[in-house]
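Welcome! Have a look at the sequence and the structure below, and then we will walk through a few spots together.

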Amino acid sequence: MVELLAPAGNIESLEAAIGEGADAVYLGLKNFNARLRTTNFAWNQFEATVESLHRRNKKVYVTVNTVCEERETERLYRFLSYLNQIGPDALIVQDFAVMRMAQEFFPNLELHASTQMNVESSNAVRLLQKNGVKRAVLARELNLEEIKKIKDETNAELEIFVHGALCVSESGLCLFSSFLGGKSANRGMCTQACRRFYSAEVPSGVKQGYYFSPCDLQLIDYIPALIEAGVDSFKIEGRMKSAEYVGNVVAAYRYVIDHYKEDKKGAIAAGKRILASDFARSKTSYWYGFSTPEEGIKAAAEKILNPNQAGGTGIYLGKIDKLKPAPKELIESLRKTLPANSDEKLFQIQFATLKGGSYEPDPGDSIRLHKKDDTGRESHKIRSVEFDEESDKRWIDIPQGFTSGDEVYLLQMKAGTKRYSRILPPDLAKYRRQPRDEKLPILDLTPIKDKELDYFPEGIYVQVSSIADVFAIQGINPVRIILEYNSETGFDLLNKKTVLPFSKKQIYISLDPFCTSSQEDTLLQNLEKLIEMGYFNFVANNLAHIQMLKDKKVNIIGGPYLYTFNRWSVSWLENQNLGAFIMPYENSRRNLEATYEANVRGRVLVPVFAYPALFRMRFSLPEDYDFLYFEDKEGKEFKVNSTVDGSFVMPEEPFSILDKVTYINSSGFKRILIDFSKTKVNRAQIKAVMTSLSKGQPLPGISRFNWKDGFYSPQQMEEYKAANERASSASGLPSGKKGGKAFHKQPYKKSPKGKR
């Protein structure tokens with residue numbers, strides 16, 4: 001029987017999910033999960049949940065689905081050791097480090113590959129199975145036939161998302177939020193750049209819209225077909241949604257699963273009626289219903305994108321107008337009525353009035369608040385409403401931390417509210433286990449043997465996306481060329497259309513990080529042809545590539561999309577016979593140096609210039625997206641490139657640390673990458689890049705990405721603020737100010753359109 005898997009962002013959602021018939025729930029704790037902005041579970045709540053659900057023959061899966069920096073690996077080890085004691089039914093993982101640690105120290109932990117691991121093919125699933133992974137949560141950009149193929153060709157459990165919010169970017173490959181300020185989607189800190197309002201340059205002038213804001217997934221019509229295809233688990237997205245939302249969606253899918261054999265049409269209709277109160281975005285079946293992948297590439301955008309829909313969720317209630325403190329009596333009343341173990345955030349409330357909406361919320365309604373600067377979103381159930389007759393104002397309670405101008409949406413009306421049986425016992429005092437201060441065993445990466453890396457010499461590497469650009473960059477005199485494998489370059493290489501100015505020994509072929517089951521057989525055949533032709537160096541960016549190439553007697557480099565943010569993930573890839581690695585674009589100098597000791601830095605190629613793909617979308621953009629450039633409300637400019645292989649969004653300001661190369665080389669990283677992917681190379685650009693490199697001077701109008709500051713960390717920000725306040729107190733200066741000259745950044749100088 002297929003499993004119905006529901007989100008549990010908090011205790012109320014847990015009760016709603018189980019109350020409506022979910023077979024399992026997935027939840028996160030305070031660390032290492034991709035929904036750090038939701039409430040998540042305290043240690044005692046989690047321990048009690050596992051015990052309580054196991055008594056009910058229900059399952060609990062824990063999300064450990066973010067990438068981990070080197071300095072966090074000991075904390076990760078302690079966390080896994082704790083989970084091993086508690087005994088959840090599985091961990092949903094992204095980082096190869098979790099797999100590596102579990103293999104060596106915690107073999108009893110069942111592992112499920114997160115959708116963030118970017119799994120969409122039989123080859124990727126087979127590699128994971130060989131490494132002890134029992135279930136793969138497939139990428140959301142697959143159609144029914146592609147899912148069937150994976151099921152037919154493997155015996156792994158398959159889990160798919162059937163309802164809830166979508167990412168516009170291919171699963172696990174979004175760098176947009178991270179590029180804007182270190183808040184990485186791969187770290188659970190996504191600021192949802194796809195939901196934002198953008199201005200675009202079109203032939204008629206400037207046009208505005210939510211150009212990359214996707215509709216919500218709804219596959220209730222396809223449940224019978226997916227069951228017959230052999231899918232093992234249906235997953236509902238929504239750890240940041242209200243309990244009412246979770247309950248309603250679970251009830252709808254539970255009904256169809258249980259009754260479709262009796263009356264398929266009637267069961268689906270009944271399920272849709274239950275979903276009628278889902279006030280989230282308009283719905284899409286996304287990649288379902290196309291006869292071929294090629295048709296999907298052309299038409300999927302029309303099904304998922306709606307530039308006129310707001311980036312928010314639910315029915316628009318307006319913006320916060322006025323604020324005042326919540327009455328003490330209300331907070332005292334809540335403390336008496338809510339369970340003793342309730343999250344303290346439930347009592348951190350204030351009162352607000354709204355303006356601009358057409359519905360006035362009541363107690364029991366669930367709302368969602370969005371900060372106007374996109375830095376935070378939070379779901380909340382209204383507990384109290386006050387009406388001030390004198391001012392004709394209606395005051396509602398909202399969480400603290402929101403202010404005037406923030407937007408509010410209705411998620412669920414009071415009428416949809418149900419009371420569910422309590423899952424956790426009222427007294428959690430006996431649940432005391434927490435991660436312990438355990439030492440992480442020392443791990444040394446494999447020392448470099450004599451002549452092991454002959455194929456990976458020191459020097460400048462250049463990556464390009466077209467055959468024409470291979471010729472354009474000859475003047476750089478790189479030691480190796482990395483040629484992106486796409487529809488155009490693949491055709492030219494396989495059909496020997498052009499005699500390249502570099503030997504095959506000097507060329508690495510970089511494979512696309514998204515590899516579906518409908519592409520894998522053809523790709524494998526083409527790789528075998530390329531190997532016969534004398535190409536022996538490949539950059540793998542997907543687990544499927546490793547599986548395809550591992551027995552071919554070729555050199556496999558771990559690409560930037562096989563995320564290596566710590567030595568444990570590197571070690572796992574070493575065990576798959578990868579000997580060299582390209583640093584992920586999101587990485588920082590500090591973390592790179594911490595991951596690789598001096599004696600293994602010869603294994604690493606460091607990108608020093610790139611226009612990194614911020615969104616990678618498995619569709620061509622609609623014809624009415626007649627623009628090349630667009631910008632956000634801060635005036636940051638981006639470029640969109642739509643091709644037969646999909647669409648890509650890139651920054652107008654490149655990532656560049658060209659002026660830091662002398663330091664990088666002196667630190668032992670003697671291989672650097674200049675990445676011109678997805679751009680058309682010209683002489684002026686090459687000259688500017690090489691001048692910056694040779695003179696050690698920064699290019700104007702660039703981004704350092706995360707190289708200097710690393711990933712955004714709320715914990716580090718709090719520590720910084722506290723240290724700053726202590727320093728200010730000691731110096732007598734106001735908080736946040738220091739003596740000395742002010743620092744002013746160089747003004748951003750835009751490049752002329754089309755001159756990149």
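## A helix on the inside

Helix 1 (residues 11-19) is largely enclosed by the rest of the structure, because seven of its nine residues are buried. Buried means under 20% relative accessible area, exposed means over 50%, and partly exposed lies in between (1.4 Å probe, protein chains only). Helices (H or I, at least four residues) and strands (E, at least two) are DSSP runs, numbered from the N terminus.

Which residues of helix 1 are buried? They are I11, S13, L14, E15, A16, A17 and I18. These buried residues pack against strand 1 (3-7), strand 2 (24-27), helix 2 (43-55) and helix 9 (243-259), where contact means heavy atoms within 4.5 Å.

## About the model

This is a predicted model, in which local features need pLDDT of at least 70 and side-chain atom pairs count only at pLDDT 80 or more, while totals for chains, interfaces and linings use all residues. Residues are numbered from 1 along each chain as its sequence is written, and side-chain values use heavy atoms, leaving out hydrogens and water.

## Two lysines in loops

K451 is not a glycine, yet its phi is positive, at about 65°. You can find K451 in the loop between strand 19 (407-412) and strand 20 (459-464). With 69% relative accessibility, K451 counts as exposed.

K496 also has a positive phi, near 50°, and is a residue other than glycine. The loop that holds K496 runs between helix 14 (487-494) and strand 22 (507-510). K496 counts as exposed too, at 63% relative accessibility.
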